[in-house]
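Hi,

Here is the structure I said I would pass on.

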Amino acid sequence: GRQKPNLIPQTAKSNQSDVDRNIPKTNSKSDDVFVLIIANENYLFLDKVKYAKNDGAMFKEYCIKTLGIPERQIRYYPDATFGIIAGGVDWLRYALENFEDSQGIVYYCGHGIPDEKTSSAFIIPIDGKGTNMVTCVSLNELYKRLLPALKSKKKELVKNGILYIHEEDIWNCCKDNCWSSNICAYSVYFN
């Protein structure tokens, strides 16, 4: 015979964190801010980074709702390859160079690795291999590509991601003129 449907209400389990719900909203607009979000979760050659795409999507929502950044000024790339990351950096550089008083935010969530020979930090695209630095994106190179757009105006570049950078690496990058006083970098490492 036919089974009776279960009429007892089921409580839905949520994978959402408290910060993913009830995102604060603002009425102010940040028309001069451009955001590049890279959220790499599903790698071809490395372990999955759980919740990276969710974190990137939530950061985008915070940018729109809390910071008042227009959605058209946000590029969100879940599971970005090397080429997609390079294109995103070029887009941000163009925006910073061509819009007066513009500011840039770079948010990265995914695997990162230091080069043991140079102690430089790298982010790993989904098609990258941690054993081959040529397939990874150097943070020094990323900052160098954005620096010309930052020198002419007061800007803040915020880099936040699952990547550990030693203080010494930051100092070495500063000594190499990769950084300027207009760049602010934040890093978070989860083990």
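Predicted model: local features only at pLDDT ≥ 70, side-chain atom pairs only at ≥ 80, totals over all residues.

Three strands make up an open sheet in the order β4-β5-β6, and their pairing is antiparallel. At its edges sit β4 (112–114) and β6 (137–138), each of which pairs on one side only. Strands (E, at least two residues) and helices (H or I, at least four) are DSSP runs numbered from the N terminus, and two strands count as paired if DSSP finds at least two bridges between them. Strand β5 (residues 121–123) and β6 run antiparallel and are joined by 2 bridges; I123 has V137 in β6 as its bridge partner.

Before going on, the provenance. Residues are numbered from 1 along each chain as its sequence is written, and side-chain values use heavy atoms, with hydrogens and water left out.

Overall picture

The chain has 4 helices and 8 strands, and along the sequence they follow the pattern β-α-β-α-β-β-β-β-α-β-α-β. Of its 191 residues, 40% count as buried. For burial I use relative accessible area with a 1.4 Å probe and protein chains only: buried is under 20%, exposed is over 50%, and partly exposed is in between. The accessible surface of the chain is about 11800 Å², and 50% of that belongs to carbon and sulfur atoms; the areas come from the Shrake-Rupley method with a 1.4 Å probe, and for residues only the protein chains shown count as cover. If you take the contacts (heavy atoms within 4.5 Å) between residues at least 6 apart in sequence, 72% of them join residues at least 24 apart.

The parallel strands

Strand β1 (residues 33–39) is the one I would look at next. All 7 of its 7 residues are buried. In a regular strand, side chains alternate between the two faces of the sheet. In β1 both faces are covered: V33, V35, I37 and A39 are buried on one side, and F34, L36 and I38 on the other.

What does β1 pair with? It runs parallel to β3, with 7 bridges joining them, and it also pairs with β2 in the parallel sense over 5 bridges. On the β3 side, V33 stands opposite Q103 and A39 stands opposite C109. On the β2 side, I38 stands opposite Y77. Strand β3 (residues 103–109) is mostly covered too, with 6 of its 7 residues buried.

A pocket

The second largest pocket holds about 210 Å³ of space. Its lining has 11 residues, and V19, D20, D55, M58 and Y107 lie nearest its centre. Helix α1 (residues 52–65) gives the largest share of that lining, 5 residues. For the method: on a 1 Å grid over the protein atoms alone, a pocket is an open set of points with protein on both sides within 12 Å along at least five of seven lines, and lining residues have an atom within 4 Å of a point. Grid points are joined across faces, edges and corners, and the volume is the space filled by probe spheres set on the points.

Single residues

N22 has a phi near 55°; it lies in the segment before β1 and is exposed, at 77% relative accessible area. D101 has a phi of about 60°; D101 is in the loop between α2 (82–98) and β3 and is partly exposed, at 49%.

P70 is in the loop between α1 and β2 (74–78) and is buried because its relative accessible area is 12%. Leaving aside neighbours within four places in sequence, P70 is in contact with S30 and D31. P70 and S30 are 40 residues apart in sequence, yet 7.2 Å apart C-alpha to C-alpha.

Last, the cysteines. How many disulfides does a search of the whole structure find? It finds 0, a disulfide being a pair of cysteine sulfur atoms within 2.5 Å. C63 is buried at 0% relative accessible area, and C136 is buried at 4%.

Cheers

Notes: 1 Å grid on protein atoms, 1.4 Å probe; cavity = no way out; pocket = protein on both sides within 12 Å on 5 of 7 lines; lining within 4 Å.
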